[in-house]
Structure formats: C-alpha cells, structure tokens
Amino acid sequence: MSLALSVSGDRVTELTKGWRLLLTDANAYPDPSDLSGASGWVEASVPGTVAGALAAAGLYDPEKPSPLHDKDAWYVVPLTVETPGKRELVFDGLATLAEIYLDGVRVAYSDNMFLRHTVEVDLSGKHELAICFRALAPHLERKGPRARWRPQLANSQGLRLVRTTLLGHMPGWCPEIHAVGPWRPISLIEPSNLRAEDLRMRASLNEAGSGVLSVDLALAGVTSDVHLHCAGKRARLTGTSSGRYHGELLLPDIAPWMPHTHGEPALHPVYIDVGGEKIDLGKTGFRTIAVDRGDDGKGFGLIVNGVPVFCRGAVWTSADLLNLSGDKESYRHLLELARDAGMNMLRIGGTMVYESRAFFELCDELGILVWQDFQFANYDYPVKDEAFGESVRAEARQQLLRSQGCPSLGVLCGGSEIYQQSAMVGLPEERWKGPLCTEILANVAAELRADVPYVENSPCQGALPFSANEGIAHYYGVGAYQRSLEDARRAEVRFAAECLAFSNVPEAATLERHLPVKPGHDPRWKERIPRDRGAGWDFEDVRDHYLKTHYGIDPAELRYCDPERYLDLSRALTGEIMETTFAEWRRARSPCKGALVWTYQDLMPGAGWGLVDSTGVPKPAYYALKRAFRPVTVNLTDEGTNGLAVHVINDTDKSRDLLLTVTCLRDGATPVVSGQREMTLPAHSNQELAATDLFGAFFDTNYAYRFGPPAHDVTVARLTDPESEEIVAEVFHFPGGSKQDRSPANLLVELKQQNGIWELAITAERFTRAVHLDLPGWIPSDNWFDVCPGADKLIQLRSTSKCGERPNGAILTMTGRVRIL
C-alpha cells in the first residue's frame with residue numbers, strides 16, 4: 001500500500017521484538033544455514049540500526065564510532081502464525097545492501113535504503129526470517145561510469161553509485177556513524193477481504209475558496225457502495241472494471257491550512273466508508289502554493305492561499321542519528337521547539353534521509369512547511385544506467401506517495417549543490433544539468449504532487465547557480481566568507497535555502513555533562529567543531545573573526561586568560577548576528593522572501609552548527625532567532641544618513657492595535673529622546689517609518705552625522721498591547737557598535753506562579769545585555785536576552801519533567817549572577 005491505511009479486518013503485526021543481531025566479517029556466512037553455531041549475538045530493536053543495537057549492548061560508542069561498512073550484519077527473528085495462509089512481509093527501509101531470507105531461502109534483495117519492499121509469502125506454523133546486510137565497503141570501491149566532477153563533501157566517490165544516506169560519510173559535519181540495518185518498520189500483514197491499495201489523494205482550494213478533495217484508489221472485496229467522507233460531507237466514489245474507485249468531494253467554506261505564523265493549520269479527517277467498514281486516510285489540509293518570481297522574474301518566494309509568506313526556519317538534520325528513528329515521539333519535542341521559535345519552514349536537505357510520514361503529520365499539525373530535497377547531493381549520479389534510473393524513479397514515487405495529502409509539503413527540490421559543485425569546478429551550464437533533476441525527479445513530482453512547487457536544485461538560477469541575487473541561494477557571505485554584516489543587504493538575497501552557518505556554543509550545562517574541556521586547542525573540543533573537508537579553517541575560526549570585528553576583542557587572548565567569558569561572548573555573538581541579519585531580510589523593501597539557517601540541530605555534543613544541541617536543549621542562538629522570527633514584531637535597521645528605520649510587521653491573519661515606542665537612552669538608563677505612536681497593524685502587513693517621525697524633530701539616532709560625542713548608547717523600540725500592557729516585541733540598536741561592556745548589572749527578580757505556570761519578572765535599573773538563565777530542569781520562553789529599564793521582562797518557565805517543583809537556579813549576566821530560591 002502507498003499510504004498507511006487502517007482497514008477493518010486487516011491484521012497488521014509490526015515485527016519489533018525477538019530480533020537478534022550478529023556482526024561478522026564480510027561474506028563469512030553466504031546464507032543463514034550456518035548461523036546457529038555462531039556466537040556473539042545481541043538483542044536488537046526493529047526499527048533500528050546496527051549502531052543503535054551495539055550501543056545498547058555497550059559494544060559501540062557513538063562519540064567514537066567504529067566502521068561498520070566492512071562487516072556483514074545478520075538480523076534473525078522467529079516468525080509464528082496461528083492460521084496458515086498467505087501473508088505480506090513489508091520492509092519499509094533496509095540500509096543498505098540487504099538479502100532477505102525466509103526459512104533459509106532468499107526471497108528478496110534491496111540495494112536502496114530508501115525503497116519499500118513487499119514480499120508475498122505463504123506461512124504455516126513456525127518460520128524464521130533473516131536479513132543479511134552485506135558489507136558496503138567493497139561496493140564503494142567499485143568503478144562506475146566516469147563522473148564529470150569529483151566533490152570533496154564525502155569520503156568516498158563510490159557513494160554516488162549506491163542509494164544510501166551521506167550521513168556518517170561527511171567528516172567534519174557529523175560523526176561517522178554508518179547507516180546499516182532495518183531503519184524503518186518491518187510488518188507482517190494478513191489481508192482481509194476488503195483491501196485498499198495504490199491510493200492517490202489530493203486536497204486543494206479552488207478559485208472560489210472551496211476545498212476540493214479528490215481520491216483514486218484500488219479496492220478489492222467491495223460488495224456495496226463506496227463513499228468518501230471529510231468535514232461532515234460525503235461523495236460517492238465511482239468504480240471501474242479494473243477495480244479502481246475515484247471521485248471528488250467539494251467542500252464550500254472549508255477552513256484552509258496555513259503556516260502557523262500566518263493563520264491556523266486547519267486539518268480535517270478523511271475516510272472511506274465501504275458498507276460500514278471504515279478505511280482511515282488520516283487528516284489533510286486544504287491550501288494552494290504559488291511561486292512569486294518578483295517583478296523582474298528572478299526572485300523566489302511562496303504565496304500560500306494568496307498570502308505572501310516570508311519563510312524562516314532551518315535545515316533539519318536528524319532526530320536520532322544513532323537509530324535514525326522515525327516515530328512521532330522522536331520528532332515531537334524538536335518540532336514543537338521549532339514551532340515555538342516562530343519557524344514556519346524546515347528543509348530536509350539532500351545530505352540527510354527522507355523522514356517518515358510521522359514527520360509530515362506533525363508538521364501538518366504544527367503549521368510548519370517542509371522543503372523536501374530528494375536525497376541527492378554534490379555527486380554526478382549515473383542515472384543513464386537503466387537499473388539505477390529505475391531505482392531512483394521508484395524511490396521518488398514512494399516518498400511522494402508516503403506524504404500525499406500532507407499540506408505541509410511546500411517545496412520539492414531535485415537535491416543539494418549538484419549544480420553548484422559542478423559550476424565551481426569550472427564546468428559550463430550544459431554540463432551542470434542532467435536528466436536526474438530536469439526530467440526524472442521533475443516528472444515524478446509533476447505526476448504525484450502537482451500542488452507543490454518543484455525546483456531543480458538548491459542553489460540554482462543566476463549567472464552562476466550559487467549567485468545570491470537570483471533564484472535560490474546558499475548564502476554564507478555573513479558567516480563562512482567573513483563578510484561584514486552589511487553584505488546581507490548588498491548581496492540582494494532572494495531566498496536562502498541555507499545560510500548563516502556558525503559554530504554555535506551550547507549551554508554550559510551541556511558542555512559540563514558531555515564535553516568538559518576547555519575551548520580552543522583541546523583536540524576533543526576541536527573535533528566537535530564543524531569544518532569543510534580539506535579546508536584549512538573551521539567554523540570556530542569564522543566565529544572568532546566576528547568576535548574581533550563585531551565585539552572588538554582578541555579571541556585568542558580572551559580564550560587564553562578567561563575561557564568562560566570567551567564562551568559566553570561566543571554564545572551571545574552568533575545569535576546577535578543572525579537576529580541582525582533577519583531584521584535586514586524581513587524589511588518590506590528587501591528582495592528576500594525567505595531564509596533557512598544551517599542547521600536546526602546538532603548531531604553530536606559540542607559547538608556545532610545546530611540551533612538545538614544534540615541532547616535537545618536550545619542553544620543561545622535558538623532564542624535569538626525566536627525573537628527574530630516573531631510573527632508580530634518590530635525591527636530597527638541603520639539607514640546611514642537617513643537615520644534609523646523602524647519596521648513593524650504583522651504576519652498573522654488578524655489586525656492588531658498596538659503602541660509603538662522608540663526611546664534613546666544615555667548610559668543605558670536615562671531617556672534622552674522618545675516618541676510613541678498608536679498603530680493599527682493590518683493582517684499580513686509590513687510597514688516602515690523613520691524613527692525621527694516619532695520624535696517630531698531631528699535626532700541623530702544612529703550617530704551618522706557625528707556632531708560631537710554620541711548623546712546616547714542604546715535605542716529601544718517596543719510594541720505594546722495597550723489593553724493588556726503586554727510587551728509584544730522589543731528590539732535594540734547600538735549607535736556606537738555592538739560592544740559588550742563589563743558594567744555591573746543590577747537586576748531585581750521575582751519568581752511567581754500564576755494559573756499553574758511559573759514566571760520570572762526581571763527588572764533592570766540600567767540596560768543589561770545577554771542576561772541568561774541557569775535553571776536545571778526548566779526551559780524558559782526566552783533566554784540570552786537584553787533587559788531594558790522601564791518595563792519588566794517576563795519569562796515563562798516550562799518543566800522538562802512532571803514533578804512541578806519550584807524552579808531553582810540562577811540568573812546570570814556577563815558580570816555576575818542573581819540566585820533564585
């Protein structure tokens with residue numbers, strides 16, 4: 001079946017228990033006949049991986065992984081049925097070269113970890129199911145069709161010939177944990193008389209705003225009328241002589257699905273009724289997605305249900321690199337953190353794995369768009385080989401059928417950096433492109449998900465495919481290329497499918513538990529810093545560059561004499577740069593329509609690219625982006641001699657009446673000039689005004705004219721709800737540059753509980769930077785924030801356990817701490 005269907009009468013048994021694993025030398029056992037006398041078996045979980053099973057048995061260290069591709073791995077499980085008859089064995093994913101045996105007889109083979117296989121078997125009594133995952137290393141050494149270019153991303157050119165993930169093969173990016181084993185579920189299905197197969201389902205909105213739900217599927221065992229049900233309405237499906245049923249259901253005034261930042265992600269259950277038996281098709285949402293190319297035809301942006309959406313979020317890596325888990329429990333925490341941070345898009349890059357349907361269903365629920373790369377990156381893939389090409393087509397079809405009906409799927413992409421890789425080695429455009437992205441994947445996408453925009457590759461378009469000012473970019477001008485922050489505007493980024501890679505330092509508690517070493521030259525620290533293979537620098541060097549240019553400090557000297565302050569300034573720095581950059585990109589006059597940070601989560605403890613560390617704890621950079629991504633917000637940008645511009649944004653579908661105030665403070669405490677304006681923020685609006693418009697007279701807010709010494713050191717812009725007095729958003733600008741001073745902080749802190757929720761109220765006598773909380777067992781609604789006099793900073797606390805005890809810990813600044821009792 002193309003989609004997990006719940007059909008009355010079907011007996012579906014997931015084969016999760018009773019598995020044993022044996023790791024052997026390559027080709028030590030040609031078949032299962034001699035396995036009974038072998039020793040060294042361990043228990044194994046399915047779905048799961050060899051690395052995960054060995055780690056659970058204490059035989060594998062994920063932080064110091066040993067190679068697995070030079071070994072064979074045997075999985076064996078007893079299979080017992082009470083009643084004899086035909087069954088289906090369904091293998092949702094086997095990594096990577098897998099031989100399947102039933103009672104010692106080989107019944108199937110898989111050489112693509114992304115393919116699902118169904119094997120029809122006739123069972124009676126007791127049987128034994130065995131799967132041998134053959135060593136991949138010999139296959140990686142084989143010669144294939146000559147490649148037009150040789151990328152340096154991964155450690156084997158042979159990976160272009162085998163359909164497996166690049167995770168575990170990219171030194172400097174992630175641990176070398178090899179994907180081997182039954183990483184997706186294995187099921188035994190006893191069919192009922194009523195069978196549903198080969199489903200095609202599409203939900204859309206027509207021009208009148210009505211929902212249109214179309215369904216086409218094969219049904220066996222039908223003896224009565226078949227009806228499609230959704231949102232309280234039904235339509236009769238028409239049968240054909242071939243056993244297929246199809247029909248369409250019109251749903252006037254249906255609540256549409258929107259990204260959570262711009263509306264409600266409304267979902268509607270869908271099922272088919274066959275004579276009282278119910279076939280559950282899950283939930284779907286109704287929406288349209290169009291591409292905005294801009295007035296010049298060179299841009300890229302998404303319009304969802306007629307509303308332009310600034311897409312912001314990050315590039316997803318993995319919820320569980322060790323086991324490659326695909327269940328909702330593994331995803332939920334991370335996806336809820338993304339939603340809570342105001343992210344409305346996550347990209348599954350071509351260097352990762354396809355995530356399970358559970359991932360898409362959660363994104364549907366949470367209102368997060370998914371940019372899905374097909375799993376191809378950098379290499380020149382041999383798609384002219386007939387067998388390889390057919391495997392690719394089957395892979396693409398299965399992945400799209402798995403996510404059909406899911407409104408969160410927002411962009412389909414042929415892969416990552418294939419065009420960029422070939423262009424950077426000097427090849428002409430006719431050699432960048434080939435049938436993989438322009439024909440094979442494009443055709444499958446058009447057939448099965450015509451409701452989703454397809455782009456050939458990421459990045460693409462422009463004079464060169466990696467030019468930022470046209471089409472889709474991978475933007476690292478601010479970041480790896482160490483350009484000044486002004487480059488974010490100068491580059492005229494249209495859409496950054498990845499950007500702003502920084503070595504983001506995690507919280508001190510994570511380092512104390514998992515990496516208790518000093519930063520810098522300790523090899524254990526350095527091996528966790530991301531780097532590009534073969535480069536003479538790493539991403540800590542990039543961060544240190546900005547420590548020097550942005551904060552005006554010598555990172556080497558600071559790390560030498562005060563490593564803890566070095567880490568704290570590093571934590572504050574990367575988030576501040578990202579926050580500033582997104583303020584530029586979210587301006588109404590900016591050509592940028594979206595940007596996704598590289599990456600969302602780390603794959604090992606340390607100062608990796610992730611916004612969330614490998615234990616699931618948000619890093620300081622996460623909170624900075626949570627402020628940058630607010631659906632209702634205010635931003636400040638320096639416009640040179642034009643002064644400070646104030647940008648007031650309301651992405652939501654509801655108008656807001658708010659009070660805007662702008663205040664310039666001397667010594668972080670004394671107001672020099674201030675102004676305010678009552679504003680109506682229409683739904684889906686973005687307004688810009690000059691800060692001096694609120695003052696009624698000239699004031700050098702950004703110290704552009706330099707008539708004497710600066711009159712102030714910080715400008716505060718604030719949006720407040722006049723009825724509740726809630727601060728909706730607050731942002732700061734520093735006319736003298738973003739230097740971190742060491743003035744003593746004087747904070748007043750009150751911890752209180754309201755309606756069962758613990759809340760901190762923090763008051764500052766003077767402007768205080770980078771206030772951060774150390775509250776073991778609690779996740780704050782904000783962290784690593786600046787506190788301004790004149791209004792309390794309110795922080796809600798969410799417990800990571802169910803104990804509900806009183807929070808205990810400390811509030812810290814760069815110069816001291818306040819204890820919470």
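This is a predicted model: local features need pLDDT of at least 70, side-chain atom pairs count only at pLDDT 80 or more; totals for chains, interfaces and linings use all residues.

Gln-482 sits in the loop between β26 and α9, the helix at 487–490. Now check the backbone torsions. Phi at Gln-482 is positive, about 60°, although the residue is not a glycine. Is Gln-482 buried, partly exposed or exposed? Its relative accessibility is 34%, so Gln-482 counts as partly exposed, because that class runs between the buried limit of 20% and the exposed limit of 50%.

Next, follow the chain through α9 and select Glu-492. Glu-492 lies in the loop that links α9 to β27 (495–499). Glu-492 has a relative accessible area of 43% and is partly exposed.

Now turn to peptide bonds. Go back to β26, which spans 472–475, and look at the loop between it and β25 (454–455). Select Pro-459, which lies in that loop. Display omega for the bond from Ser-458 to Pro-459. This peptide bond is cis, with omega near 0°.

For the last stop, select Thr-599. Where does Thr-599 lie? It is in the loop between β28 (594–597) and α15 (620–628). Display omega for the bond that joins Trp-598 to Thr-599. That peptide bond is cis, and omega is near 0°.

Technical notes: Residues are numbered from 1 along each chain as its sequence is written. Side-chain values use heavy atoms; hydrogens and water are left out. Helices (H or I, at least four residues) and strands (E, at least two) are DSSP runs, numbered from the N terminus. Buried means under 20% relative accessible area, exposed over 50%, partly exposed in between (1.4 Å probe, protein chains only).
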